[in-house]
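Welcome! Here is a short tour for someone meeting this structure for the first time.

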Amino acid sequence: MDAIKKKMQAMKVEKDNAMDRSDVCEVAAKEAKARASRAEEEVADLVKKAQQLEVELDKTQEELMTRAEQLKDKENTLSAAELEVNCLNRRVQALEADLETCEDKLVMAGNKLDKAATAAR
């Protein structure tokens, strides 16, 4: 009978210890679930931010392409304008040379005219 009482008390202590371990495990499980929930929320936020960054990257790349095309157009326009300016400069130089030649001819013709007028008197 004593042996049965001791065995029952030992089993009760063992049960109490098991219940205490169970309570500790339940608390740990709740904490783990809470951490997992927070981690899942953080992952969802990070995924959302990553998607936003991808959208911004796409927009930025499109804008870069647009700006690059605009730059190319401006460079082509500048190149054409520089060619036109160079052509006009050459034409101005040719006209200045023609003007100089004409002025020399005018001076010579004026001198001949003066000589002819003097000789005619």
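## Helix α1 and how to read the model

E26 is part of helix α1, which covers residues 2–120. Helices here are DSSP runs of H or I with at least four residues, strands are runs of E with at least two, and both are numbered from the N terminus.

The model is predicted, so local features need pLDDT of at least 70 and side-chain atom pairs count only at pLDDT 80 or more, while totals for chains, interfaces and linings use all residues. Residues are numbered from 1 along each chain as its sequence is written, and side-chain values use heavy atoms, with hydrogens and water left out.

## Overall dimensions

Taken along the principal axes, the C-alpha atoms of the protein chain fill a box of roughly 175 × 15 × 15 Å. The radius of gyration of the protein chain is 51 Å, whereas a compact globule of 121 residues would have one near 14 Å. That radius is taken over C-alpha atoms, and the globule rule is 2.2 Å times the number of residues to the power 0.38.

For a local view, take D104, which is found in helix α1. D104 and L88 are 16 residues apart in sequence and, C-alpha to C-alpha, 24 Å apart in space.

## Cover

Of the 121 residues in the protein chain, 0% are buried. Buried means under 20% relative accessible area, exposed means over 50%, and partly exposed lies in between (1.4 Å probe, protein chains only). D104 counts as partly exposed because its relative accessibility is 45%. E63, at 46%, is therefore also partly exposed, and E26 counts as partly exposed because it has 47%.

## A salt bridge

Side chains of opposite charge can pair when their charged atoms come close. A salt bridge is counted when a side-chain nitrogen of Lys or Arg is within 4 Å of a carboxyl oxygen of Asp or Glu. How many salt bridges does this rule give? The count comes to one.

R67 forms a salt bridge with E63, and their closest N and O atoms are 3.7 Å apart. Both R67 and E63 lie in helix α1, four residues apart, or about one turn of the helix.
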